[in-house]
Amino acid sequence: MAATRWLEKTIGDVAGSIERAVFTEEHARRRAWLQSLDPRAKLGMFLALVLATGLSASLPVLAVLYAAVLVAARVSETPFDFFVKRVWLGIPLFAGIVIVPSLFLGPPPFLLRARAGPVTLAVSIPAAWAALVFIARVGVSVSLAVLLVLTTRWADLLKTLRVLRVPEVFVLVLSMTYRYLFLFLHTLGGMLEARRSRTVGRTGGAEQRRWIVASIGCLMRRSFQMSSDVYSAMHARGFTGHIRSHSTYRMTGADWLALGGSVLLAAAALAAPRAHMSP
Amino acid sequence: MSGGESGRTPVFRLRDLRYRYHDRHLALGGVDLEVHQGEQVAVLGANGSGKSTLLKLLDGVLTPSDGELEVFGVPVRSVTGGSEEDAFRFHRRVGLVFQDPDIQLFSATVFDDVAFGPLQLGLGQQEVRAACDEALDQMGIAHIADRAPFELSGGEKKRAAIASVLSLRPDVLLLDEPTASLDPRTTWTLVNLIMELGRTGTTIITATHQLEIVPLIAHRAVVLGEDRRVLGDGPARQVLADRSLLVSANLIHPRLHPPG
């Protein structure tokens, strides 16, 4: 029975994970340092530090930047284990796969040599060093992004996109997607429960697939209906295709100080690395 | 029975108004009605009798298939199909609260939803802020202004949906099943809010099939029959006392609602 319900279980778990990850906003609602900053200041800090991380080729500099991120995470009361694991469990997998071929294509000296028949595989020391720097860059950048997302509510995060001159219609569509994703996840959850309550015997793979397809069709039809209704609701309040928005943000001294500090740190990181380009 | 007044330009004048979904399914079949400024009217009808369709027509969201509809003396086709300015003026005066608040609350936060209407009308930032604060206070939901709609309870969603229309400061408020699926305490809170709005002279048309709230929120009741036409129209208490009318409109059932 359990084996035949894998599709249903997968959908349920994916929906539950998305809901927990995106919609709880538990950490973003805490009264701590990063959470109290204006989201535009946070976005500026994030961009400055990501730029410095991307351009830095020095492991010590990247280590300093990562230490700064960890301190910021600590004072912002984000759960430390969760934050570190979330970043470092995925990075070796994705960044590692990208970087592996380059390890064998670098110039001498070599760290390791291995013969496999007619082919000799040699891990180049400069390539291994570059791989390490690459993984460190990805790690710091992803940590910055995770920290920004953990400490900023989605609504604020979307609004700050306007600072980057992202068209308002794009921001509105994103925010509506975010809004209705939740609703459809709940609908999906309800459909799963309704099915489970009526499923008595075993169901085969073909039956499972048929049900999944039917559910997708049902959700799609509902989403079409809802999009039409939502447009009516927008139209009823005067929407004619032009998006207008309201900003309630105010930059305070603390916001400017945090932004200035981050820009200075980024500038220092950019100025420092030349002395440490290689091992 | 007739509940219309004479001598003044009515807010709504409907003559043989019909609407068909997809040009096929008849949703409203020949409605004649007049509603005057300051009236509080309950539109009663069973499921599928055309209550929601009628409100959407009155709000200009739907365009009539046949018949005439005038709002403040102006044909609704020329208002909603006219210039952007005409549409602005129309939607500023007439506000519709949809039955499903999840449709109405499409923004990331309650404040954004309440601000949506005033912003579309081209109001300045300070005016928008003032209109939103007033609407949020009026509905008693200022404390949840920065919450996401999916975090709200059913009652809070309904209040947020009403606030999103009140921020337009409309002369006419159209409410589609405002108390459906709510518990008694939340229902009472909303009924109280509708009564307060009525006292301010706002014209309110409420579609409902919850008969117990009708005497509280409306002076006049219009009954839509299952043929999607007006079956009765008159003072709310008089309409509610007419059992045969309510039975024929499928609003009560003789076995479920015995006399007395």
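This is a chat about the two chains of a predicted model.

Trainee: Let's start with chain A. How many helices and strands are there in chain A?

Mentor: Chain A has eleven helices and two strands.

Trainee: In what order do the elements of chain A run?

Mentor: From the N terminus, the order is α-α-α-α-α-α-β-β-α-α-α-α-α.

Trainee: What share of chain A is buried?

Mentor: Buried residues are 24% of the 279.

Trainee: Now a helix pair. How do helix 3 and helix 11 of chain A cross?

Mentor: Helix 3 of chain A covers residues 39-55, and helix 11 of chain A covers residues 253-271. Their axes come within 9 Å and cross at roughly 5°. The two helices are therefore roughly parallel to each other.

Trainee: Which residues make the contact?

Mentor: From helix 3 of chain A, they include A:Ala41, A:Gly44, A:Met45 and A:Ala48. From helix 11 of chain A, they include A:Asp255, A:Ala258, A:Leu259 and A:Ser262. By class, the contact has 14 nonpolar, two polar and one charged residues.

Trainee: Switching topic. How many residues of chain B are in contact with chain A?

Mentor: On the chain B side, 28 residues are in contact with 24 residues of chain A.

Trainee: Which elements of chain B give two or more residues to that side?

Mentor: Four helices of chain B do: helix 3 (84-93), helix 4 (101-104), helix 5 (110-120) and helix 6 (125-138). Helix 5 of chain B gives the most, with five residues.

Trainee: What kinds of residues are on that side of chain B?

Mentor: The side of chain B that touches chain A has 17 nonpolar, seven polar and four charged residues.

Trainee: On to the sheets. What is the strand order in the six-strand sheet of chain B?

Mentor: The order is 6-7-8-3-9-10. The sheet is open and the pairing is mixed.

Trainee: Which strands stand at the edges?

Mentor: Strand 6 (94-97) and strand 10 (230-235) of chain B. Each has a single partner strand, so one side of each is left without a neighbour in the sheet. The twist averages 15° from one strand to the next.

Trainee: In which sense do strand 3 and strand 8 of chain B pair, parallel or antiparallel?

Mentor: Parallel, over five bridges. Strand 3 of chain B is residues 40-45 and strand 8 of chain B is residues 203-208. One bridge joins B:Gln40 to B:Ile204.

Trainee: What does helix 1 of chain B touch in that sheet?

Mentor: Helix 1 (residues 51-58) of chain B packs on the sheet. It touches strand 3, strand 6, strand 7 (172-176), strand 8 and strand 9 (220-224) of chain B. Its direction makes about 155° with that of strand 8 of chain B.

Trainee: And which strands does helix 8 of chain B touch?

Mentor: Helix 8 (residues 184-199) of chain B touches strand 3, strand 7 and strand 8 of chain B. The angle with the direction of strand 8 of chain B is about 150°.

Trainee: Back to helix 1 of chain B. How many of its residues are buried?

Mentor: Eight of the eight, so helix 1 of chain B is largely enclosed by the rest of the structure. Two lysines, B:Lys51 and B:Lys56, are among the buried residues.

Trainee: What comes just after helix 1 of chain B?

Mentor: B:Gly60, with a positive phi of about 80°. B:Leu62 is in the loop between helix 1 and strand 4 (66-71) of chain B.

Trainee: Why does B:Leu62 count as buried?

Mentor: Because B:Leu62 has 21 C-beta neighbours inside 10 Å, and 20 or more is the cut-off for buried.

Trainee: What does B:Leu62 touch beyond four places away in sequence?

Mentor: B:Tyr19, B:Thr53, B:Lys56 and B:Leu57.

Trainee: Last one. What is the order in the four-strand sheet of chain B?

Mentor: The order is 2-1-4-5, in an open sheet with antiparallel pairing. Strand 2 (25-35) and strand 5 (74-75) of chain B are the edge strands. Eight bridges join strand 1 (residues 12-21) of chain B to strand 2 of chain B. B:Arg13 stands opposite B:Glu34 in strand 2 of chain B.

Notes: Residues are numbered from 1 along each chain as its sequence is written. Chains are lettered from A and ligands numbered from 1 in the order in which they are written. This is a predicted model: local features need pLDDT of at least 70, side-chain atom pairs count only at pLDDT 80 or more; totals for chains, interfaces and linings use all residues. A residue is buried if 20 or more other C-beta atoms lie within 10 Å of its own, exposed if 12 or fewer, and partly exposed in between; C-beta atoms are placed from the backbone. Two residues are in contact if their C-beta atoms, placed from the backbone, lie within 7 Å. Ala, Val, Leu, Ile, Met, Phe, Trp, Tyr, Cys and Pro count as nonpolar, Asp, Glu, Lys and Arg as charged, and the others, Gly among them, as polar. Two strands pair if DSSP finds at least two bridges between them. Axes are lines fitted to C-alpha atoms, for helices over the stretch in contact, and angles run from 0 to 180 degrees between N-to-C directions. Angles under 35 degrees count as roughly parallel, over 145 as roughly antiparallel, 65 to 115 as roughly perpendicular and the rest as oblique.
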